[in-house]
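Biologist: I would like a close look at one part of this structure, starting with any sulfur–sulfur bonding and then the packing around it. Please go step by step and keep it brisk.

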Amino acid sequence: MKFILFVEGETERKALPEFLSRCITLRFSEGKHVRFEAIDLKGWANLHKEVAQRSRDYIEGPEKDKIIAIISLLDLYGPDFCPEGESIATRYELGVEHMKRSMDDKKYRHFFAVHETEAWLLSDPRIFPQKVQEALKPLSKNPEKINSGHPPAKQLNTIYRSKLNRSYNKVTDGANLFPQLDAKIALDACPYLNQMIEGLVNLVKAHKGK
């Protein structure tokens, strides 16, 4: 059993399959048998443009019976079809509806990281270099509520420059940090992540019940 996971960047392709598997297993023991095959579509605009055809290639492909669902994941910060000025809940809902119109199939689901996948990392300051941990603690309480005008990756970059005299590298640092991230801490601190994992667990259960 596997999910096909379309993402917008190399960090997500490298780091999320293992992390999401841990999250699912925490909620449902059979999740340990589930794999994520992640495909980087090189930015939200490309994902938006290509998701329908790329999804159909898998849905109609030779491994279709092994596929639980096709999942696309974008940062809520960025896409121009998630209107600024609305609440997070409204932007999320409108964004999901927009993506459904791009790919209308029962095996397709879309989710957003609010506002970026780096919010999940911020939930657990212990995984970061010691010099930045104290500065990150105030951000760890409600990381999904960090202002979208200065979202998590920018916050990390500012703190890294101040404390470590270097930039935060989304690909290198992200890939090193996600394996250390405590799934329970992230799920408890990030309601939208938790909601996504609940949705994925339900898809696994439905697939097993066929």
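Modeller: A disulfide is counted here when two cysteine sulfur atoms lie within 2.5 Å of each other. This is a predicted model. A search through the whole structure turns up 0 disulfides. Take Cys 23. The closest cysteine sulfur belongs to Cys 190, and because the two sulfurs are 9.4 Å apart, they are too far from each other for a bond. Cys 82 is in no disulfide either, as its nearest cysteine sulfur, again in Cys 190, is 18 Å away. Cys 23 is buried, at 0% relative accessible area. Cys 82 is buried too, with a value of 2%.

Helix 1 covers residues 10-27, which makes 18 residues. Even so, the helix has a bend of about 50° at Leu 16. A proline, Pro 17, follows within four residues of the bend.

Which residues of helix 1 are buried? Thr 11, Glu 12, Ala 15, Leu 16 and Pro 17 are among them. Phe 19, Leu 20, Ser 21, Cys 23 and Ile 24 are also on the list. An α-helix has 3.6 residues a turn, so residues three or four places apart point the same way.

What does helix 1 pack against? One partner is helix 9, residues 191-208. The two axes come within 10 Å and cross at roughly 75°. That angle makes helix 1 roughly perpendicular to helix 9, because 65 to 115 degrees counts as such. Helix 1 supplies Phe 19, Leu 20, Cys 23, Ile 24 and Arg 27 to the contact. Helix 9 supplies Leu 193, Asn 194, Met 196, Ile 197, Leu 200 and Val 201. Cys 23 is therefore buried and part of this helix–helix contact.

Back to Cys 82. This residue is one of the contacts of Gly 95, along with Phe 81 and Phe 112, leaving aside residues up to four places away in sequence. Gly 95 lies in helix 3. Its relative accessibility is 0%, so Gly 95 counts as buried.

Helix 3 covers residues 88-102 and packs with helix 2, residues 44-59. Their axes are 9 Å apart, at an angle of about 45°. The two helices are therefore oblique to each other. Leu 47, His 48, Val 51 and Ala 52 make the contact from helix 2. His 98, Met 99 and Ser 102 make it from helix 3.

The loops deserve a check as well. Lys 42 sits in the loop between strand 2 (35-40) and helix 2. Its phi is near 65°, a positive value in a residue other than glycine. Lys 42 is exposed, with a relative accessible area of 58%. Asn 165 also has a positive phi, near 60°, and is likewise a residue other than glycine. Asn 165 is found between helix 6 (152-164) and helix 7 (170-177). At 71% relative accessibility, Asn 165 counts as exposed. Last, the peptide bond from Val 114 to His 115 is cis, with omega near -15°. His 115 belongs to the loop between strand 4 (108-113) and helix 4 (118-122).

Notes
Residues numbered from 1 in each chain as written. Predicted model: local features only at pLDDT ≥ 70, side-chain atom pairs only at ≥ 80, totals over all residues. Heavy atoms only, no water. Buried < 20%, exposed > 50% of the residue type's maximum accessible area, 1.4 Å probe, protein only. Expected span 1.5 Å × (residues − 1). Bend = angle between axes of the 7 residues up to and from the residue. Axes fitted to C-alpha atoms, helices over the stretch in contact; angles between N-to-C directions. Parallel < 35°, antiparallel > 145°, perpendicular 65-115°, else oblique. Contact = heavy atoms within 4.5 Å.
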